[in-house]
Amino acid sequence: MTSTGKSSIFTLAYFRSFIKFNIVGLTGVFVNEGLLIALQSMGVYLLTASSIAIEVSILSNFVLNDFWTFRDRRSGHLVVRLVKFNLLMLLGLAVNLGVIYVATFYFGIAPALANLGGIAAAFLLRYGLSVKYAWMREENIEGAQTVPVSEPMAGPPKSSG
């Protein structure tokens, strides 16, 4: 903690979450690429196939991040975290689709390769939004201490007073 009561990004805990986020992201790349290629082989329009592939990878990444990467940062109900995460990831989806569109239609790059570029372009945005907004910790107002959440589906901690 810093003197302002906020966690620094230069801590071992943040480094560990960043590594875990990368591992989860790598699984999401495989989900995204595999689904994009499968949908395109069935004749689905590129941007439609990409949108579906991105959303499915967002959902799979949420599950893995929620139960592994940010398990210690969870607060609130699972559905609320999912909706927040998904809404935040739409910004990444827009970046990803923009890169795919420009790379494919203006530069003639193969869709699967353009998709990897889109994923890379959206990565840091997605990580920053995840840490800052999707799994932000609830702070104890009195002592500026983190309130632990032990149950994955539990609501906000109850006051003891």
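Helices are DSSP runs of H or I with at least four residues, strands are DSSP runs of E with at least two, and both are numbered from the N terminus. This is a predicted model, in which local features need pLDDT of at least 70 and side-chain atom pairs count only at pLDDT 80 or more, while totals for chains, interfaces and linings use all residues. Residues are numbered from 1 along each chain as its sequence is written, and side-chain values use heavy atoms, with hydrogens and water left out.

**View 1. The protein chain has four helices and two strands.** Along the sequence, the pattern reads α-α-α-α-β-β. The chain has 161 residues, and 34% of them are buried. Buried means under 20% relative accessible area, exposed means over 50%, and partly exposed lies in between (1.4 Å probe, protein chains only). Contact means heavy atoms within 4.5 Å. Among contacts with a separation of 6 or more, 70% join residues 24 or more positions apart. The accessible surface of the chain is about 9400 Å². Carbon and sulfur atoms account for 71% of that surface. Accessible areas come from the Shrake-Rupley method with a 1.4 Å probe; for residues, only the protein chains shown count as cover.

**View 2. Helix α1 covers residues 12–41.** The expected span of a helix is 1.5 Å times one less than its number of residues. Just after α1, Gly-43 takes a positive phi of about 90 degrees.

**View 3. Asp-66, Arg-74 and Arg-81 are linked in a network of salt bridges.** A salt bridge is a side-chain nitrogen of Lys or Arg within 4 Å of a carboxyl oxygen of Asp or Glu. The structure holds two. In one, Arg-74 pairs with Asp-66, with the closest N and O atoms 3.8 Å apart. In the other, the side chains of Arg-81 and Asp-66 meet at 2.7 Å, N to O. Arg-81 lies in helix α3 (residues 78–106) and Asp-66 in helix α2 (residues 46–69), so this pair ties together parts that are 15 residues apart in sequence. Asp-66 is buried, at 0% relative accessibility. Arg-74 is buried too, with a relative accessible area of 2%. Arg-81 also counts as buried, at 2%.

**View 4. The largest nonpolar core has 17 residues.** A nonpolar core is a set of buried Ala, Val, Leu, Ile, Met, Phe, Trp, Tyr and Cys residues joined through side-chain atoms within 4.5 Å. The residues with the most contacts inside this core are Phe-70, Phe-85, Met-89, Tyr-127 and Trp-135. Helices α1, α2, α3 and α4 each give two or more residues to the core. The largest share, six residues, comes from α3. Not counting residues up to four places away in sequence, Met-89 touches Ile-58, Arg-126, Leu-129 and Ser-130.

**View 5. A second, separate core has six residues.** Among them are Leu-36, Leu-46, Ala-49 and Ile-100. Leu-46 sits in helix α2. Leu-46 is buried, at 7% relative accessibility. Leaving out residues up to four places away in sequence, Leu-46 touches Leu-36, Gln-40, Ile-100, Thr-104, Phe-105 and Pro-111. From Leu-46 to Tyr-101, the C-alpha distance is 8.8 Å, and the two are 55 residues apart in sequence.

**View 6. A nonpolar surface patch covers about 950 Å².** Patches are made of residues with over 30% relative accessible area and no salt bridge: like charges are joined within 9 Å, and nonpolar side chains (Val, Leu, Ile, Met, Phe, Trp, Tyr) within 5 Å. The patch is made by Tyr-45, Tyr-101, Val-102, Phe-105, Tyr-106, Phe-107, Ile-109, Leu-113 and Leu-116. Helices α3 and α4 each supply at least two of its residues. The largest share, four residues, comes from α3. Tyr-45 lies in the loop between α1 and α2. Tyr-45 is partly exposed, with a relative accessible area of 49%.
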